[in-house]
Amino acid sequence: MSNEGIFAEGRKLCLKLVNDVSSITATLHSNHTLTSLDVEDMNPDGSFDADDEIQRHINMATKISRNNVNSWNNVSNPEAAGREKVIKTQLHSEIRAELCRLQGVHQSLYSEIDPLHMPEVLSLIGRHHDQGELYLALKSSIMTIFSTVNIKKFIQQQRAHHAAIVAKHAAIVAEHAAIVAEHRNKIEELDAKLTSMDEAVEVNEGSNELEHRSNKRRRK
């Protein structure tokens with residue numbers, strides 16, 4: 001790709017292409033197949049200007065994508081690359097601050113995280129970053145953690161409420177099932193009596209017919 005004509009905003013768009021930090025979802029949906037993207041050369045003395053800073057973050061993102069290419073079949077794993085970008089950039093306060101400044105993002109990371117997922121997020125920070133990062137994350141998300149406790153309590157209360165309704169109606173269903181079974185048995189008993197009565201009538205009619213024929217023979 002030619003560097004000529006690529007201005008600062010264009011370079012920022014290139015950065016956003018490979019690692020959009022406007023949201024966690026945006027990071028996951030960034031391009032994870034580009035393994036190299038050069039938009040600016042470093043200064044000869046190794047110093048960084050604004051454009052070099054953009055290139056440095058592009059290099060970091062494309063390196064993550066490159067590290068998630070299977071060396072056996074050269075097939076990339078975008079899902080793994082996206083997850084790694086979230087962990088290494090979104091969950092690192094200093095790197096995220098730089099990326100947000102370059103991309104004009106002002107939204108807090110923790111404002112978009114479901115409070116119920118905060119323990120998992122803090123666990124990821126603790127495993128992949130130092131204790132300082134974990135402390136900053138705890139400090140930034142403390143109110144969210146408190147709200148998690150309240151939400152969990154609310155969910156538990158809602159669960160207990162619905163469980164009570166289920167138990168109540170299950171008992172009613174069981175009671176009605178017992179009543180149905182009782183009356184079904186009664187119906188079967190009555191059906192049996194009716195069948196017995198019908199059979200008795202048939203036998204009686206048969207006997208009467210035989211007797212009638214016998215009397216006719218005698219009269220002859």
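Helix H2, helix H4 (78–90) and helix H6 (118–128) each supply at least two residues of the lining of the largest pocket. Helices here are DSSP runs of H or I with at least four residues, numbered from the N terminus. A pocket, on a 1 Å grid over the protein atoms alone, is an open set of points where a 1.4 Å probe fits, with protein on both sides within 12 Å along at least five of seven lines; lining residues have an atom within 4 Å of a point.

Before I go on, the ground rules. This is a predicted model, in which local features need pLDDT of at least 70 and side-chain atom pairs count only at pLDDT 80 or more, while totals for chains, interfaces and linings use all residues. Residues are numbered from 1 along each chain as its sequence is written, and side-chain values use heavy atoms, with hydrogens and water left out.

Back to the largest pocket. There is about 270 Å³ of space in it, a volume being the space filled by probe spheres set on the grid points, which are joined across faces, edges and corners. Among the lining residues are Ile24, Leu28, Arg83, Asp114, His117 and Glu120. By class, the lining has eight nonpolar, one polar and three charged residues. Nonpolar covers Ala, Val, Leu, Ile, Met, Phe, Trp, Tyr, Cys and Pro; charged covers Asp, Glu, Lys and Arg; the others, Gly among them, are polar.

The second largest pocket holds about 190 Å³ of space. Of its 13 lining residues, Ser93, Arg96, Leu109, Tyr110 and Ser140 lie nearest its centre. Helix H7 (131–219) and H5 each supply at least two lining residues, and H7 gives the most, with four. The classes here are six nonpolar, five polar and two charged.

Two single residues next. Ser23 is in the loop between helix H1 (8–18) and helix H2 (24–28). Is Ser23 buried or exposed? It counts as buried, because its relative accessibility is 18%; the cut-offs are under 20% for buried and over 50% for exposed, with partly exposed in between, using a 1.4 Å probe and protein chains only. A polar atom of the Ser23 side chain lies 2.9 Å from the backbone nitrogen of Ala26. Not counting residues up to four places away in sequence, Ser23 touches Gln90 and Glu112, where contact means heavy atoms within 4.5 Å.

Glu98 sits in helix H5 (residues 93–103). Glu98 has 16% relative accessibility, so Glu98 counts as buried as well. Which residues does Glu98 contact, leaving aside neighbours within four places in sequence? They are Glu53, Arg56 and His57.

Note on methods: Polar contact = N/O pair within 3.5 Å; in protein donor to acceptor, adjacent residues only side chain to side chain.
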